[in-house]
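Please walk me through this protein structure.

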Amino acid sequence: MKVGIVFDGNLDSNDGVQQYIKTLAEWLIEQGHEVKFLVSSSPNETRWKDHIVELSGNFRVRFNRNHLRIPLPASTAKVKRALEEDFDILHVQVPYNPFLAGKVIKHSKCPVVGTFHIVNETNLGKLGSKILSWVQKGTSKKFSHIMAVSPAAQVYASKYFSLSSNIVPNMVNSSKFKSNAKGSGIVFLGRLEVRKGVWQLLNAYSQISEVDRKNLKLTIGGSGPELSKLKRFSKQNNLDVEFKGYIPEESKAEFLASSEVAVFPSIGGESFGIVLLEAMATDSPVVLAADNPGYSYVMETMPSQIFNPQDSQKLASE
């Protein structure tokens with residue numbers, strides 16, 4: 001089959017949806033299928049450059065307490081040319097922008113399926129979802145089937161987009177995360193922004209006694225807008241925290257496996273938790289995850305490892 005994976009963003013980053021569609025594409029190709037990405041401009045993506053069909057430029061905005069790339073309107077002519085490849089099926093990442101994915105769906109002649117990815121807990125986000133649902137009303141009728149990555153995403157898709165779905169969780173290629181690395185201490189891996197709960201982690205770490213901290217070093221992997229403030233807080237409070245910066249995909253396994261405990265304290269806005277699966281796939285650290293709906297779904301068989309990220313004293317004791 002020839003599969004078109006439709007995504008409004010670009011492939012330059014490795015955020016959750018990008019990880020999902022790249023992993024899916026790898027698996028489809030291993031099964032003998034042909035894959036193309038119908039996306040916005042992705043000049044920095046090298047691994048998949050021969051599989052990318054760029055339909056528009058993009059610009060950066062904040063949404064759901066996160067930074068996103070929003071596509072500029074794709075020309076109808078460019079969309080029609082892309083669809084001349086005669087795809088057997090299009091797989092759209094939902095929700096989608098009416099000016100890129102919406103146009104692809106509108107002009108498609110093949111079956112269309114979708115995967116719903118988001119949960120938004122802010123009032124503004126919920127209002128935006130209702131407006132977007134109204135905008136998508138015409139094209140959403142063309143879907144043959146919709147999947148949601150978790151129960152939380154399934155409920156959100158139904159409540160705010162009137163979409164029925166079944167649950168198909170995100171996946172990781174576990175073979176990529178096998179590592180012989182062994183270590184000690186605590187690690188965090190993720191984008192350094194407020195939503196990911198890094199401040200809650202640092203507050204909890206500061207409540208551990210200085211003697212215990214010497215035997216339980218905290219290492220933070222990732223980049224983002226909070227980095228300089230986190231470093232300043234650590235210095236002011238005499239916390240020996242190592243900030244590793246951006247961790248490339250090929251180095252994730254070694255980074256995660258180099259610890260005893262991997263902590264993911266996101267305070268909300270999570271529909272799943274791919275990084276939790278990645279950490280568990282290394283077979284090394286104990287994984288502790290915040291009690292937001294997406295993470296709780298991933299950790300449902302390990303309830304003792306779920307914590308309230310706002311209770312820094314209890315997190316410190318754990």
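What follows is a tour of some local features, from helix packing to backbone details.

This is a predicted model. Keep that in mind along the way.

Start with two helices. Helix α7 covers residues 198-206, and helix α9 covers residues 227-236. Two packed helices are described by the angle between their axes and the distance between the axes. Here the angle is about 5 degrees, and the axes lie 11 Å apart. Angles under 35 degrees count as roughly parallel. Helices α7 and α9 are therefore roughly parallel to each other. Which residues meet between α7 and α9? From α7 come V198, W199, L202 and N203. From α9 come K229, L230, F233 and S234.

Now turn to the surface. L124, L127, I131, W134 and V135 form a nonpolar patch there. Together they have about 590 Å² of accessible area. W134 is one of the residues in this patch. W134 sits in helix α4, which runs over residues 123-135. Is W134 buried or exposed? Its relative accessible area is 66%. The cut-off for exposed is over 50%, so W134 counts as exposed.

Next come the charged side chains. The count of salt bridges comes to 14. One of them pairs K2 with E85. Their closest N and O atoms are 3.4 Å apart. This pair links distant parts of the chain. K2 belongs to strand β1 (residues 2-6), while E85 lies in the loop between α2 and β6. The two are 83 residues apart. K2 is buried, with a relative accessible area of 17%. E85 is partly exposed, at 26%.

A second salt bridge joins E45 and K22. Here the closest N and O atoms are 3.0 Å apart. E45 lies in the loop between β2 and β3, and K22 in helix α1, so the pair ties together parts that are 23 residues apart in sequence. Both E45 and K22 are buried.

Look next at T219. This residue is found in strand β11 (residues 218-221). T219 is buried, with a relative accessible area of 12%. What does T219 touch, leaving aside residues up to four places away in sequence? The contacts are I186, V187, F188, E242, K244 and F255.

Finish with the backbone. The peptide bond from V94 to P95 is cis. Its omega is near 0 degrees. P95 lies in the loop between β6 and α3.

Two residues have a positive phi without being glycine. D86 has a phi near 55 degrees. S162 has a phi of about 55 degrees. D86 is in the loop between α2 and β6. S162 is in the loop between α6 and β9. D86 is exposed, with a relative accessible area of 61%. S162 counts as exposed too, at 63%.

Key
Residues are numbered from 1 along each chain as its sequence is written. This is a predicted model: local features need pLDDT of at least 70, side-chain atom pairs count only at pLDDT 80 or more; totals for chains, interfaces and linings use all residues. Side-chain values use heavy atoms; hydrogens and water are left out. Patches are made of residues with over 30% relative accessible area and no salt bridge: like charges are joined within 9 Å, nonpolar side chains (Val, Leu, Ile, Met, Phe, Trp, Tyr) within 5 Å. Accessible areas come from the Shrake-Rupley method with a 1.4 Å probe; for residues, only the protein chains shown count as cover. A salt bridge is a side-chain nitrogen of Lys or Arg within 4 Å of a carboxyl oxygen of Asp or Glu. Helices (H or I, at least four residues) and strands (E, at least two) are DSSP runs, numbered from the N terminus. Buried means under 20% relative accessible area, exposed over 50%, partly exposed in between (1.4 Å probe, protein chains only). Axes are lines fitted to C-alpha atoms, for helices over the stretch in contact, and angles run from 0 to 180 degrees between N-to-C directions. Angles under 35 degrees count as roughly parallel, over 145 as roughly antiparallel, 65 to 115 as roughly perpendicular and the rest as oblique. Contact means heavy atoms within 4.5 Å.
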